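Q: Please give me a close look at one part of this model, and then show me what else is going on around the structure.

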Amino acid sequence: MPEDIEIRLLLDAIYLRYHYDFRSYSAASIKRRLNAAKVQMNAATLSALQERVLREPRVFSQLLQFLTVGVSDMFRDPSFFRVLREQIVPELRTYPSIRVWIAGCSTGEELYSFAIVLREESLLERTTLYATDINPEALHKAEQGLYPLDRLQAFTENHQLSGSKCSLSEHYTAAYGSAVFDRSLRKNVVFSDHSLATDSVFAEVQLVSCRNVLIYFDRSLQDRALGLMKDSLCRRGFLGLGSKESLMFSEHASAFRDFVASERWFQRC
Amino acid sequence: MLSAELRDHLIRIEALVVGASAGAIEALNQLLPIVPENARIPLVVVVHLPPNRASLLPQIFAARCAACVREPEDKQPVAAGNIWFAPSNYHLLLEPDCSFGFSTDLPVNFSRPSIDVLFESAADVFGERLGCIVLTGANDDGAHGASTIRRRGGLVIVQDPNSAEAKQMPNAAIARANPQLIATLPEIAESIRLATRAAP
């Protein structure tokens, strides 16, 4: 198929020109995303899009939005956060200082969910959260902590189901159709540009959450990313994945044991 | 009666993808129990689901089907002999190496999982060796995917709108995909039997 060749060439071009490496992303979803970009960016073909991407960095940043942004809710899969609250927080409490890595934080929904649980459990003050992503615009949004009010109903329901005893509204202020999450939630957050495809380990942490990021990677890249998480985690540290992600097909499976497998929580051996 | 040409195509397909929405359970109930335990090919089914709870479909149909009914994991091989159900709140895709892929990209046709997303990715993998079935439903999801499958030489089967609980989805697929077969559920069941029965 000519289209498959165009995809390969475009991803090579992006790597050579901008050092963003999408070459080992899952083929089926990258194809959908590129085709969506092609249509919305008014390019007749991916080759035509490639020509513009190579010459205009601004066009590349536009394309990057199509290539990276998944859509997440706060407290997506509430039962995952219930396990965090009820079974993992007690273990985290035993550390004098806590470091948490939200890998592929996108626009911050997952990050704030973690920060809120940690605050409600009185651990936020002694926690450093590393929030990393490859998309600078998404990171910027995460840093702002601003979400349209119409999304808050779903966030609030999930928050309740996650086992919170407070109201989500204690953590944000509503203004001009948006919810602004408290500045204090991100006081100890380090936002950073980091690629699971090309960068290396940067800290030792007790918990990594990387949910619905690995689904976009092929198996070789999944192994690279899981290797970074394995090497970042201290002994008995926790790894949380998305509800369809597992270590089943990974070469790093033996470095982890199931913690609550049904909720995709694993523990470093 | 199915035409000779259709029967010939049915026994050559290597995967069957199925999409259904409003009225799905009733319709699938007449179809999936036909699939034998050692089915020759995999079936992959997308039913529109509400986003915020786990799908009960594997449980419901496991009790009624001889074939193994399951929800795939990311990168799991699309193995024959199984009926695979898309989970809620993800798009389900087929990858070129014939494994399952997932995405949390925006809903398509207001749906995640979307039938179009599965069908289009499956068409890329299987080409003319793919069959699809569009069943009852109240939106246009599946029509675009079915037309992609048809264009690649695959087999498109659509439930007769007059026999469907919700006509819109079959109507849209008929309008866009020029299906080889428009049929009632018993006829579709016969097609599934032909396509899935174990090699003699």
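A: Let's start with strand S5(A): strand S3 of chain A, residues 146-148, is joined to S5(A) by three bridges, and the two run antiparallel. (Strands are DSSP runs of E with at least two residues, helices are runs of H or I with at least four, and both are numbered from the N terminus; two strands pair if DSSP finds at least two bridges between them.) This is a predicted model, with local features needing pLDDT of at least 70 and side-chain atom pairs pLDDT 80 or more, while totals for chains, interfaces and linings use all residues. Residues are numbered from 1 along each chain as written, with chains lettered from A and ligands numbered from 1 in written order.

Back to S5(A), where Ser178(A) is the residue opposite Pro148(A). There's another partner too: strand S4 of chain A, residues 172-175, runs antiparallel to S5(A) and is held to it by four bridges. Here Ser178(A) turns up again, as the bridge partner of Ala175(A). S4(A) and S5(A) make a hairpin with two residues between the strands, and in that hairpin Tyr176(A) takes a positive phi near 50°.

Which residues of S5(A) are on the covered face, and which on the uncovered one? S5(A) covers residues 178-181; Ala179(A) and Phe181(A) are on the covered face, with Ser178(A) and Val180(A) on the uncovered one. (Buried means 20 or more other C-beta atoms within 10 Å of a residue's own, exposed means 12 or fewer, and partly exposed is in between, with C-beta atoms placed from the backbone.) In general, side chains in a regular strand alternate between the two faces of the sheet.

Now zoom out to the seven-stranded open sheet of chain A, which goes S6-S2-S1-S7-S8-S10-S9 with mixed pairing. Its edges are S6(A), residues 189-193, and S9(A), residues 256-260, and each of these pairs on one side only. On average, neighbouring strands are turned by 20° against each other, ignoring direction. (Axes are lines fitted to C-alpha atoms, for helices over the stretch in contact, and angles run from 0 to 180 degrees between N-to-C directions.) Inside this sheet, S1(A), residues 98-103, and S7(A), residues 205-210, run parallel and are joined by three bridges. Trp101(A) sits opposite Val208(A) of S7(A).

Two helices pack on that sheet. Helix H6(A), residues 109-120, touches S1, S2, S6 and S7 of chain A, and its direction makes about 175° with that of S2(A). Helix H7(A), residues 136-144, touches S2 and S6 of chain A, at about 170° to the direction of S6(A).

What about chain B? In all, 17 residues of chain B are in contact with 19 residues of chain A (contact means C-beta atoms, placed from the backbone, within 7 Å). On the chain B side, S5(B) (91-94), S6(B) (100-103) and helix H4(B) (115-126) each supply at least two residues. S6(B) gives the largest share, three residues.

Chain B has an open sheet of seven strands as well, ordered S3-S4-S2-S1-S7-S8-S9, and its pairing is parallel. S3(B), residues 68-70, and S9(B), residues 181-183, are the edge strands, each pairing on one side only. Neighbouring strands here are turned by 20° on average, direction ignored. Four bridges link S7(B), residues 130-134, to S8(B), and these two run parallel. Ile133(B) faces Ile157(B) of S8(B) across that pairing. And H4(B) packs on this sheet, touching S1, S2 and S7 of chain B, with its direction at about 165° to that of S1(B).
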